[in-house]
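Open the model in your viewer and keep the selection panel at hand. This tour tells you what to pick next and what is there.

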Amino acid sequence: MAEIKSEMEELYNQSIKLIREGQVVAGKVVYIKQKDVLVDVGFKSEGVVPIAEFSKSDLQVGKELEFYVESIENDAGNIELSREKAMRIQGWDKIVKFSQTGELVEGRPVKKVKGGFLVDVMGIEGFLPSSLSAFKNVPEKDTMYKPFKFKIVKVNNLRRSIIVSRREAVQKDKEEAKGKIWQDLKVGGVYPGTVKAITDFGVFVDLGGVDGLLHITDMSWSKISHPSEIVALGDKIEVAILNLDKDSGKISLGLKQRLPDPWQDIESKYKVGDKLKGKVVNILPYGVFVELEKGIEGLIHVSEISWTKRISNPGEMFAVGDILETQVLSVDKDSRRISLSLRQLEQNPWLEAESKYPVNTKVSGKVRGFTEYGAFVELDSNLEGMIHVSDMSWTKRIAHPQDALKKGQKVDVVVLSVDAQNRRIALGFKQLQPSPWADIAAKYPLDIVLEAEVASITDFGVFVKITDELEGLIFASEIDKDEAAKLKPGDKIKVKVIKVDVEQAKIGLSAKT
């Protein structure tokens, strides 16, 4: 009797499905209660599913569906099942398949978040980055909860998350629109369009479903700084087709090509030597652009602004809108360039510089500026000369020109040389007085020992002040290295005169007394 009972139990157990938690199983609705639905999944007990997880079409006795096993046995001894989780798992399988095939899926944006949107795709929450949304300039009311086609671009199986893109679906629509209008477009034809977007480099124009680029260089025969000077967003314009590239889907447009090229007969309108008036339209460090007529500009290079002044910043002399009289230097039709000059309208003062400023002549001027090696002095004819640092003092070493002179200071100087061809006048300040070095040589004979004050320390030696107006150099080889390292400006030191060079105006010293 016991053996028969054991055999029956074994047969019963074999008839029961092997069900594990976390798997999806097939089941049949057997009973519908107020809050729950009982489902037969072929186990020893029936499964329980919340009624809220069923759609109206699925909520009927005898309906066979897929269910997710939450728990093998709850407190009431029943299996806990979920219809929603089974659907999500099935949806996930489809999503994985679509991500592999590249097929578009339908989804609905349900929430806007930082960096993009959350999208419901077959019950799975996906992320749509703003850069892939193609929702630019589309009102939010026209995007939320509306069905769109998306492509699954990334799948995370571990987190059951996806990233989607709408860009591909939009691109497909655009390609269809391009295909329809492309047959009508021809190079050289003029077509109406609407300004869709404005960038620094040009304008995108909607030709009725196909976008073309109107580059900034093809907008006007005149130079413009930004496309917004010519058009505004939403403007209706007529453009010429310059180039069609069906393979890349690019269309190049032109606006200025609808008007005659003002450079066509430029050489007959403007000749070398002509004096013309124009308006300053642009100022750059290297020169000033002057508009001679609409679409025609010429350049006054900084070197052609003045015979006498060094121009480092034309913006200090001119302003956009100024009217200038200029002279044509050259016309290059192929390069579309006209060179203009201001200084050619004036007499070149350098032609008389050598006769006006003979060498050794004493003249007066005003300090206009400095370089590291000298000071520029403006003479009474607006010509400039330069005093080199070596010509500022007979006895003092001038490290910086500003130590000896001040900007705006009126000074008397001596003309040392005039180079009219290279436009240079060398001036001397120390030459106003005779050289004192013959007297210095007599006053400081060789081997005399003196007490001097340290002025500055360099790699090649130590400069010291013998008097307030006289400096000498202790050569590096004439002072102990460790002793030199301890010195600082203002220190007193014993020195011996070992060299006096009257021609070079230098006195050499030694600390090895």
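**Before you start**

This is a predicted model, in which local features need pLDDT of at least 70, side-chain atom pairs count only at pLDDT 80 or more, and totals for chains, interfaces and linings use all residues. Residues are numbered from 1 along each chain as its sequence is written, and side-chain values use heavy atoms, leaving out hydrogens and water.

**Stop 1: the barrel**

Select β11, β12, β13, β15 and β14. In that order, these five strands close into a barrel with mixed pairing. Strands here are DSSP runs of E, at least two residues long, and helices are runs of H or I, at least four, numbered from the N terminus. Two strands pair if DSSP finds at least two bridges between them.

Pick G202: its bridge partner in β13 is H215.

**Stop 2: the rings**

How many aromatic pairs does the structure hold? There are seven. Rings of Phe, Tyr and Trp (its six-membered ring) pair if their centres lie within 6.5 Å; planes under 30 degrees apart are stacked, over 60 edge-to-face, the rest tilted.

Show F54 and F67. This pair is tilted, with 6.0 Å centre to centre and 55° between the planes. F54 sits in the loop between β3 (47-50) and β4 (64-71), while F67 is in strand β4, 13 residues apart. F54 is buried, at 11% relative accessible area. F67 is buried too, at 0%. Buried means under 20%, exposed over 50%, partly exposed in between (1.4 Å probe, protein chains only).

Move to F148 and F150. They are edge-to-face, at 6.4 Å and 70°, and both are buried.

**Stop 3: the largest pocket**

Select K136, N137, K174, K196 and D211. Of 17 lining residues, these are the closest to the centre of the largest pocket. Its volume is about 600 Å³, meaning the space filled by probe spheres set on grid points joined across faces, edges and corners. A pocket is an open set of points on a 1 Å grid over the protein atoms alone, where a 1.4 Å probe fits, with protein on both sides within 12 Å along at least five of seven lines; lining residues have an atom within 4 Å of a point. Colour α3 (167-182): it gives the most to this lining, with four residues.

**Stop 4: the second largest pocket**

Select R397, F463, Q504, A505 and K506. They lie nearest the centre, among 24 lining residues. This pocket holds about 520 Å³. β28 gives the most to its lining, with four residues.
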